[in-house]
Amino acid sequence: MTPQERSRPPMMLVYDGQCPMCRQFVRLQRLRRDVGEVELVDARQESAARRELSERGIDLDEGFALRIGEQWMHGSEALHRLALMSTGSGLFNRLMARLFASPSRTARLYPWLRAGRAVLLRLLRRGPIDNLRR
C-alpha cells in the first residue's frame, strides 16, 4: 500500500454534483458527523475515483458509488449501506434508515429514485455523466 492510499479516508462517496436531489441527499445525510471522515467526489469532475469506477465498468448515470475501505458498492447496494450506517439523528436520517434498511426494499425502490433523478436532470437540461463513454 502506498503512503497516498494509507492517508485517504476509509470512505468515499461519488455522486452527481449537478443533481439537486443528489446534493440534498448528501447534505441531509450528515455523513461526516455520523460515520467519520467521508471523501465526497462529484462524479461530473475528473478524478482518480471516477477513472477507477470507469475502469471497473461502473456507470455513474445508473447510481452513485460508495467505497468503504477497498470495496466499492453501487446504486441500491450503496444506498442500503449508507442507511445501515445512519445514526438516525434527525427526521431525514431516521426515515432513510427505516426505508432503506432492507436490501430487497432498497433494490425495489432504487429504480424509482433513479427515474426521478433522470426526469429532474432532463427538466434542468443537464446531460448525463457519461463516465463510461469518455
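With which residue does Glu-62 form a salt bridge? The partner of Glu-62 is Arg-114, and the closest N and O atoms of the pair are 3.2 Å apart, where a salt bridge is a side-chain nitrogen of Lys or Arg within 4 Å of a carboxyl oxygen of Asp or Glu. This is a predicted model, in which local features need pLDDT of at least 70 and side-chain atom pairs count only at pLDDT 80 or more, while totals for chains, interfaces and linings use all residues. Residues are numbered from 1 along each chain as its sequence is written, and side-chain values use heavy atoms, with hydrogens and water left out.

**Overall layout**

- The protein has seven helices and four strands, which are DSSP runs numbered from the N terminus (helices H or I, at least four residues; strands E, at least two).
- Of the 134 residues in the protein, 40% are buried, where buried means under 20% relative accessible area, exposed over 50%, and partly exposed in between (1.4 Å probe, protein chains only).

**The S3–S4 hairpin**

- Strand S3 (residues 65-68) and strand S4 (residues 71-74) pair in the antiparallel sense over four bridges, given that two strands pair if DSSP finds at least two bridges between them.
- Two residues lie between S3 and S4 in this hairpin, and Gly-69 in the turn has a positive phi of about 65 degrees.
- Arg-67 is found in strand S3, and its side chain reaches the backbone oxygen of Gly-69 at 2.8 Å.

- Glu-62 lies in the loop between H4 and S3 and Arg-114 in helix H7, so their pair ties together parts that are 52 residues apart in sequence.
- Arg-133 forms a salt bridge with Asp-59, with the closest N and O atoms 4.0 Å apart; Arg-133 is exposed, with a relative accessible area of 55%, whereas Asp-59 is buried, at 14%.
- Arg-133 also forms a salt bridge with Asp-130, with the closest N and O atoms 3.3 Å apart.

Technical notes: Polar contact = N/O pair within 3.5 Å; in protein donor to acceptor, adjacent residues only side chain to side chain.
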